Amino acid sequence: MDKRGGKGRQKIEMKLIESKEARTVAFSKRKNGLGKKAKEYSNLTGEDVGFILFTQAGKPHSYGSPSIEKVIDKFHKLKQNNSLQNHVDMRKTNIFEAFEDLRKEVQAFKEKALDSEMPTDKHMLENRLKQFEAYKSRLDKIKKEIKGDVPAEQFGISEVAFDLEEMSS
């Protein structure tokens with residue numbers, strides 16, 4: 001076996017290359033290598049692949065399979081759809097949570113009211129009425145939020161509204 005005197009392939013430290021000329025050469029070589037890898041990936045998997053690089057002078061270099069424009073358009077469409085879906089899901093989640101909190105509060109209030117006698121004190125009656133009004137206001141707000149998104153029956157809003165009406169009469 002022949003032993004060669006060289007060091008072989010050396011691992012380079014990942015830091016900014018100081019020399020502008022060396023940086024330009026590295027950019028060019030690595031750009032070509034990245035293009036080869038992207039093409040291989042696309043050929044092996046059949047997936048769309050794209051990348052964009054900018055030189056220090058601001059000159060763009062890109063690769064896309066089938067084309068960089070199609071890859072970018074696809075990315076934007078998926079990103080926009082995903083963003084809209086996340087927004088709707090987040091809003092629905094918050095509404096569901098708000099409704100569930102309200103439902104639990106009304107249920108606890110109802111159970112407490114059934115266990116105790118009807119207050120005769122004017123101050124206590126006013127406090128109970130204020131609580132009913134606050135519950136009703138929150139329920140109306142939730143109804144407004146979900147209008148058109150989810151049928152109110154799915155939430156059980158009619159049950160909570162009925163409980164509030166029943167307790168206030």
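These are my notebook entries on a predicted model of one protein.

**Ground rules.** I number residues from 1 along each chain as its sequence is written, and I leave out hydrogens and water, with heavy atoms used for side-chain values. Local features need pLDDT of at least 70 and side-chain atom pairs count only at pLDDT 80 or more, while totals for chains, interfaces and linings use all residues.

**Overall layout.** I looked up the helices and strands first. The protein has five helices and two strands. I take these as DSSP runs, numbered from the N terminus: helices are H or I with at least four residues, strands are E with at least two. Along the sequence the pattern reads α-β-β-α-α-α-α.

Next came burial. I call a residue buried under 20% relative accessible area, exposed over 50%, and partly exposed in between (1.4 Å probe, protein chains only). Of the 169 residues, 20% count as buried. The protein exposes about 14000 Å², and carbon and sulfur atoms supply 54% of that area. Accessible areas come from the Shrake-Rupley method with a 1.4 Å probe; for residues, only the protein chains shown count as cover.

I also checked contacts, meaning heavy atoms within 4.5 Å. Among contacts between residues at least 6 apart in sequence, 47% join residues at least 24 apart.

How do E1 and E2 run? They run antiparallel, and six bridges join E1 to strand E2 (residues 60–65). Two strands pair if DSSP finds at least two bridges between them. The two strands form a hairpin with five residues between them. In the turn, glycine 58 has a positive phi of about 95°. I noted two bridge pairs. Glycine 50 has glycine 64 in E2 as its partner. Valine 49 is bridged to serine 65 in E2.

**Around serine 65.** The peptide bond from serine 65 to proline 66 is cis, with omega near 15°. Proline 66 sits in the loop between E2 and H2. Serine 65 is also touched by serine 42. I found serine 42 in helix H1. Is serine 42 buried or exposed? Serine 42 is buried, at 8% relative accessibility. Leaving aside residues up to four places away in sequence, serine 42 touches Glu47, Val49 and Ser65.

**The salt bridge.** I found one salt bridge in the structure. The term means a side-chain nitrogen of Lys or Arg within 4 Å of a carboxyl oxygen of Asp or Glu. Aspartate 48 pairs with lysine 74, and their closest N and O atoms are 3.2 Å apart. Aspartate 48 lies in the loop between helix H1 (20–45) and strand E1 (49–54), and lysine 74 in helix H2 (residues 68–115), so the pair ties together parts 26 residues apart in sequence. Aspartate 48 is partly exposed at 37% relative accessibility. Lysine 74 is partly exposed too, at 41%.

**A surface patch.** Which residues form a nonpolar patch on the surface? Ile52, Phe54 and Ile72 do, with about 270 Å² of accessible area together. Patches use residues with over 30% relative accessible area and no salt bridge; nonpolar side chains (Val, Leu, Ile, Met, Phe, Trp, Tyr) are joined within 5 Å, like charges within 9 Å. Phenylalanine 54 belongs to strand E1. Phenylalanine 54 is exposed, with a relative accessible area of 56%.

**The core.** The largest nonpolar core has eight residues: Phe99, Leu102, Val106, Phe109, Phe132, Tyr135, Leu139 and Ile142. H2 and helix H3 (122–146) each supply at least two residues of this core. A nonpolar core is a set of buried Ala, Val, Leu, Ile, Met, Phe, Trp, Tyr and Cys residues joined through side-chain atoms within 4.5 Å.
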